[in-house]
Amino acid sequence: MAGFCVERGADPAACAEPILNGTYQDLLDALEFARRWAVAGGAGGELPEADEKIIDDALIARLGGEAHEALRLALAWCSVEQWQPPALAVLCRSAEVRRRHASAILPACRDLAALERHDLKCLAYALAILDDEPLVVLHRPTGTGFEVRIGGIGDNFQLHTLLAHVLIGGGHVPGTAPSAESVRLATDPEPAQGRTGAIASGAFELLTPDGERIWNEGLPDDIPVVEGRRLLVLDEPMYSRSWNADRFFPMLPGTAELTRVLSADEVKTWLTYTCWTS
């Protein structure tokens, strides 16, 4: 109900604590269910599906401990995904909420998702959103570097579009700038209604400092931290690619601001942390 109220205009910061406390507790309880299930060796150790039909007296007994506690853990295992919509309602509408709660909840969310019995992708992505985050961006083909500050970006498709807008559209590196419509869809506070069909095109290859690809399907949080800064390397795209320009979280506009062009000496220094020296 609180999540519904936020979707209808209630203050997300005021509603966040009960929603996200409940989310966190159910994540922890679901993980404890999995731990006890593994210890008991139930069904050969394979975790059950998250369906309340699995809950019976035999399952409660297998989990051990007090029956009411075991029942709570089983219910959390089966219903934890129901916290995802209200959690997204507050996380996607307030950077303050993300700053206060996300880092504590994210590890438990990722640990539970790794067990491959729950679809928590949207929750994990929302918890991992970076706000007011400085990036050092090195453009290998031109040997130039930039400081870019990002926030509210739901995935690397959106990041890719905004970097191309800032760097190519701003005349700092060569290439084809993204369309005005794809930039609008990435940044407009008013969400698009349904899928727009707008297409964005790849301008770069996104790489880690050691040359590994950073997938568009991933997150800005995947960018490694080097000397206290996330360090991203841009290279020529290996092949032509395009994608739907609609953003991952419709209610969450992204931002990317060029704060500084790095000097040649600074670029050279940052390159020492990569697998390229020039």
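**Notebook: aromatic pairs, strands and one histidine**

I began with the rings, and I noted that Phe33, Trp37 and Trp77 are linked into a cluster by ring pairs. I keep in mind throughout that this is a predicted model. When I searched the whole structure for aromatic pairs, I found six.

I checked the accessibility of both partners next. Trp243 has a relative accessibility of 8% and therefore counts as buried, whereas Phe157, at 21%, counts as partly exposed; the cut-off for buried is under 20%.

I also looked for a charge over a ring, and I recorded that the charged end of Arg241 sits over the ring of Tyr239, at 4.3 Å from the ring centre.

I turned to the strands. Strand 1 (residues 133–139) and strand 2 (residues 144–151) run antiparallel and are joined by seven bridges, and I noted Ile150 in strand 2 as the bridge partner of Glu133. The hairpin of these two strands has four residues between the strands, and in it Gly143 takes a positive phi near 65 degrees. I then followed strand 2 to strand 8 (residues 255–261), with which it pairs in the antiparallel sense over six bridges; here I found that Phe146 has Val261 in strand 8 as its bridge partner.

I looked up His101 separately and placed it in helix 6 (residues 95–113). His101 has 12% relative accessibility, so I listed it as buried. Setting aside the neighbours within four places in sequence, I found His101 in contact with Ala16, Glu17 and Leu20.

Of its 278 residues, 46% count as buried, while the protein exposes about 13500 Å², of which carbon and sulfur atoms supply 51%. For contacts between residues at least 6 apart in sequence, I recorded that 73% join residues at least 24 apart.

Technical notes:
Residues are numbered from 1 along each chain as its sequence is written. This is a predicted model: local features need pLDDT of at least 70, side-chain atom pairs count only at pLDDT 80 or more; totals for chains, interfaces and linings use all residues. Side-chain values use heavy atoms; hydrogens and water are left out. Buried means under 20% relative accessible area, exposed over 50%, partly exposed in between (1.4 Å probe, protein chains only). Contact means heavy atoms within 4.5 Å. Rings of Phe, Tyr and Trp (its six-membered ring) pair if their centres lie within 6.5 Å; planes under 30 degrees apart count as stacked, over 60 as edge-to-face and the rest as tilted. A charge sits over a ring if NZ of Lys or CZ of Arg is within 6 Å of the ring centre and within 35 degrees of the ring normal. Two strands pair if DSSP finds at least two bridges between them. Accessible areas come from the Shrake-Rupley method with a 1.4 Å probe; for residues, only the protein chains shown count as cover.
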